[in-house]
Amino acid sequence: MCETCGCGETGSYQINKAGQTEPGIGEHEHSHTHGHSHDNEHPHDHDHTHDDMHSHTHPHKPDESHSGQRILEVRKDILQENNLLAERNRGFFEAKGILCINLVSSPGSGKTTLLEKTVKLLKKDFPVSVIEGDQQSMLDAERIAKLDVPTIQINTGTGCHLDAQMVNQGMKSLNIPDHSLLFIENVGNLVCPALFDLGETSRVLIMSVTEGVDKPLKYPFMFRSAQLCLINKKDLLPYVDFDIEQARENARSINGSLEFLEVSATTGEGMEAWYEWLLDQRMRIAT
Amino acid sequence: MHELNLAMAIVEMAEEEAKKNNAGSVQQIELEVGVLSGVDPDALELALSLAMKNTAIEQASVTMLHTEGQGRCNACDHTFTMTEVWTPCPLCNTPAGKILQGTELRLLSLTVDDL
């Protein structure tokens, strides 16, 4: 169980187009790709070595079958299914020249407002689509859909993050144009989404000056996995005790290559640099 | 972290491997949970006990192997033990080294009864 957010079962989720009243249920259709497996009918050399600095004991050797037991060597990544699907998503984005940005943050960082302002800036120049992820409600998708861009809402139910399967289903119903931008607003949570690759081109983390400068130290996995950190609500700096340099230093101690931009989605300050950063990313995938 | 999702994936993978290999009941599940994987072993164990209920692997015991974290310093190339993802290089104190080992999250093996 997710000890941080207390989320429970995530077997089904809902994908709704903004403005659509009938909910659509997304089922986890699991397809599996397997490598070879080791049954004990044949001798079989392994090329893996146990070089992980640990001792490793088996109650039986794989080819022993006394007392009616045997050991099946599996050695598979537990996140393999998500990672494979994430790579499929990534391949789709690459083939179509789509820049896909996964926006992650804690709740209340101003993610949706920032996305609204970003979409307004970009949509005159490029086609933009949005996937909104929240546990419940259509509120965010309705806000974004008012900007007249294709938007879907994925409700994760009791789940606390989006996964590659949800995004895969979601993007199929969006009909995303070639060479466009896709924003995925992940569930507001700095813990669980860190582990789940969606196939995005870049992961952008938003922290705001109303949060503590120690956030990077408290949630190192998320800070480690991001390419850009947007420090939002810059306009509130005179009113809060937030040392931007200390925040950067904390984040750099986790992720030495993390880039930073300071913005205020409300006043528009710094939004030009964010826009330039997105253009730069877009140029990179085009070449 | 998201241990219940992981537990459900483990159960599904274990059931499928056992079935594919014509195995009887699964007695033991051996997992590798690296110390830098971002997974809380206690939470995963609890989640597994829930996820395994009423499945073909309900009676299996779970063992976890906690692979040590290792990193290489980006500045001086020193290889060192990382107990946390932010452990700096012990020689030159440079933070955020490259993680070489410790993020593993794998189903290693199943001990199964023959049919």
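**Helix packing and aromatic pairs in a predicted model**

Q: Which residues of helix 1 of chain B meet helix 2 of chain B?
A: This is a predicted model, in which local features need pLDDT of at least 70 and side-chain atom pairs count only at pLDDT 80 or more. Residues are numbered from 1 along each chain as its sequence is written, and side-chain values use heavy atoms, with hydrogens and water left out. Where contact means heavy atoms within 4.5 Å, the partners in helix 2 of chain B are B:Ala43, B:Leu44, B:Ala47, B:Leu48 and B:Ala51, and those in helix 1 of chain B are B:Glu3, B:Leu4, B:Leu6, B:Ala7, B:Met8, B:Ile10 and B:Val11.

Q: How are helix 1 of chain B and helix 2 of chain B oriented to each other?
A: The axes of helix 1 (residues 3-20) of chain B and helix 2 (residues 41-51) of chain B come within 8 Å and cross at roughly 50 degrees. Angles under 35 degrees count as roughly parallel, over 145 as roughly antiparallel, 65 to 115 as roughly perpendicular and the rest as oblique. The two helices of chain B are therefore oblique.

Q: What kind of aromatic pair do A:Trp274 and A:Trp277 form?
A: Rings of Phe, Tyr and Trp (its six-membered ring) pair if their centres lie within 6.5 Å, and planes under 30 degrees apart count as stacked, over 60 as edge-to-face and the rest as tilted. With ring centres 5.9 Å apart and planes at 25 degrees, A:Trp274 and A:Trp277 are therefore stacked.

Notes: Chains are lettered from A and ligands numbered from 1 in the order in which they are written. Axes are lines fitted to C-alpha atoms, for helices over the stretch in contact, and angles run from 0 to 180 degrees between N-to-C directions. Helices (H or I, at least four residues) and strands (E, at least two) are DSSP runs, numbered from the N terminus.
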